[in-house]
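Trainee: Could you take me through one part of this model in detail? I would like to look closely at the aromatic pairs.

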Amino acid sequence: MLTAADRHLRRFDVWPAIAALLAFGVLTVAAADGPAVLSLTLAGLLIALLVWQLRDSLAGRLRSAQSVGTCVAARLLLAASVVVLTLQHGSYDGLVGWTAMVAAVLLSVGLLITPLDQALVPTVAGLPGVTVTTGPRFGYDVLVLVSLVALGIGVVAGAVAPGLLWVFEVAVLGWAVLGVLALLDLLRRLRSRSEANRQLPEALSALQPLFALHWSGPEQAAYQVSMWLPYLDRIGAPYVVVVRSRENFDDIRALTDRPLVLREKMKELDAVMVPSLKAVFYVNTALLNNHLIHHTSRLHIQLNHGDSDKVASSNPVLRIYDRNYVAGQAAIDRFEQNGVPTQPDFFRVVGRPQLDGLQIGAADPADHPPTVLYAPTWSGFYQESDYSSLPWGAELVGRLAERGCRVIFRPHPYTNRSARTAAMAQAVREALAVDAQRTGRRHLYGEEVERDMSIVDCFNASDAMVSDVSSVVSDYLQTEKPFAMVAVHREPTAFVQRFPMARAAYVLRAGADGMDDLDEVLDELLVSDSRATERHAVKSYYLGEDHPGGPAQRFVDCAREDLGISASITE
């Protein structure tokens with residue numbers, strides 16, 4: 001469960017506040033004519049902090065203006081400190097001193113106009129007929145570095161070395177020249193962006209997209225889209241991806257070369273609603289979805305990003321869509337069981353196309369020791385939706401290792417959104433690292449799993465799985481391999497009643513005293529496996545019957561039917 005502090009820190013970036021506090025300390029000491037060494041120490045800490053925060057950008061790995069506006073308040077306070085220190089120590093006497101003070105004031109004014117990153121976001125990518133300049137001609141982030149160098153020299157000159165004031169002036173002059181060049185380049189890019197917006201309606205009309213994929217999502221949520229893009233491509237009709245924020249744009253541009261459009265405001269969406277557009281697909285229930293749903297002449301189809309017995313899977317808000325594509329009959333019954341009435345044509349059973357290529361049955365035992373995938377879910381936004389077993393994760397993987405198992409650790413992508421759950425995940429990784437060093441057993445965890453392996457790769461490499469209430473469990477049913485589910489603070493009987501998918505699982509009880517039935521459940525999971533027959537029945541209920549063309553083709557056929565196109569048109 002996320003604490004109030006966790007949620008607050010997610011909204012509030014603490015680094016600018018720390019930087020501003022240090023800069024305020026420099027200014028306060030300077031104004032009080034305090035020890036020069038204290039001013040220099042605080043200024044040094046501040047500049048070191050800023051350089052560390054911008055290390056990737058300043059190393060040239062980012063070519064954008066994203067960091068140009070970083071910690072402007074701190075840099076403004078530091079520039080004010082240069083002026084105060086110069087006045088305090090009489091360094092303003094003479095032309096050099098006065099020029100330095102004017103330079104400090106100009107630097108302060110300039111810093112106010114440098115947060116340009118929002119204005120530099122392109123609005124279109126991959127759309128035929130639209131050419132947009134997306135990249136700067138040089139890394140604007142060098143402006144930050146030069147300003148920090150100038151400010152550092154200015155503080156030293158004002159506090160203890162007036163002879164360096166002319167160096168400060170030269171540094172500010174260099175910063176100003178770079179600023180002018182960046183401004184001219186910015187204007188070039190803004191003109192290109194404006195022209196792209198002007199060309200957009202005509203270019204979309206020429207493309208004649210049959211449908212759109214709309215996405216608005218938080219940080220680390222691009223997986224919601226990436227899991228569907230390959231199967232939307234298979235429909236075989238032109239489409240456009242519509243995103244609602246600059247972060248969304250950057251995330252999706254890295255995933256696909258399909259036409260991508262950024263529309264931040266509701267009124268901007270009208271340009272996307274070209275006559276050829278018949279339907280809009282959604283992968284979550286984001287609030288901004290409502291901006292398109294009011295276009296009632298189009299078919300609005302909710303895909304979701306997984307199927308599970310979680311409360312969210314039967315949320316009444318899903319009824320605002322015309323269609324809800326679900327994996328199997330279980331998803332339909334879930335609405336009725338929770339008292340959520342729906343229209344007769346609301347559901348389409350499409351299976352899980354993401355399970356194409358999934359290996360049925362255990363992995364080759366000759367290649368490795370018994371391999372167990374541990375795939376805990378995240379802690380949710382609220383206590384009642386916290387199904388995560390991560391608090392017991394280190395204990396679990398330790399017991400698996402004692403039994404000679406190799407472990408694949410695949411936490412939910414949202415795990416790092418909370419410092420608390422991130423620390424728990426790290427504890428699991430460290431436990432696996434210790435066992436690997438002691439035994440030579442090659443556990444799989446970290447970037448190797450979370451970045452380089454898909455969830456299907458993890459399924460195929462495993463012989464069994466331990467997970468929580470999540471869509472990972474319903475997907476794993478396709479493998480017909482044994483799995484366990486962790487009942488967090490629930491008795492197994494009540495857990496199965498609340499989450500029917502657990503009928504096919506071996507239920508682990510997790511409470512304040514740990515997992516007291518762990519050995520018994522692991523015996524079933526890894527040795528006897530008495531629920532094989534039950535798994536097969538539950539698989540059909542949750543994932544639907546097998547389709548002749550496989551899971552992906554079933555989705556494609558349903559989508560084509562709703563879009564009014566046939567296979568012959570797309571071949």
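Mentor: Searching the whole structure gives 17 aromatic pairs, where rings of Phe, Tyr and Trp (its six-membered ring) pair if their centres lie within 6.5 Å, with planes under 30 degrees apart counted as stacked, over 60 as edge-to-face and the rest as tilted. Take Tyr374 and Phe409: their ring centres are 5.7 Å apart and their planes stand at 20 degrees, so this pair is stacked. Tyr374 belongs to strand β9 and Phe409 to strand β10, 35 residues apart; strands here are DSSP runs of E, at least two residues, and helices runs of H or I, at least four, numbered from the N terminus. Tyr374 is buried, at 0% relative accessible area, and Phe409 is buried at 0% as well (buried is under 20%, exposed over 50%, partly exposed in between, with a 1.4 Å probe and protein chains only).

Now look at Trp378 and Tyr414, whose ring centres are 4.8 Å apart with planes at 90 degrees, so they are edge-to-face. Trp378 sits in the loop between β9 and α14, and Tyr414 in the loop between β10 and α15, so the pair ties together parts 36 residues apart in sequence. Both Trp378 and Tyr414 are buried. Tyr414 also has the charged end of Arg417 over its ring, 4.4 Å from the centre (NZ of Lys or CZ of Arg must be within 6 Å of the ring centre and within 35 degrees of the ring normal).

As for the basis, this is a predicted model in which local features need pLDDT of at least 70 and side-chain atom pairs 80 or more, while totals for chains, interfaces and linings use all residues. Residues are numbered from 1 along each chain as its sequence is written, and side-chain values use heavy atoms, leaving out hydrogens and water.
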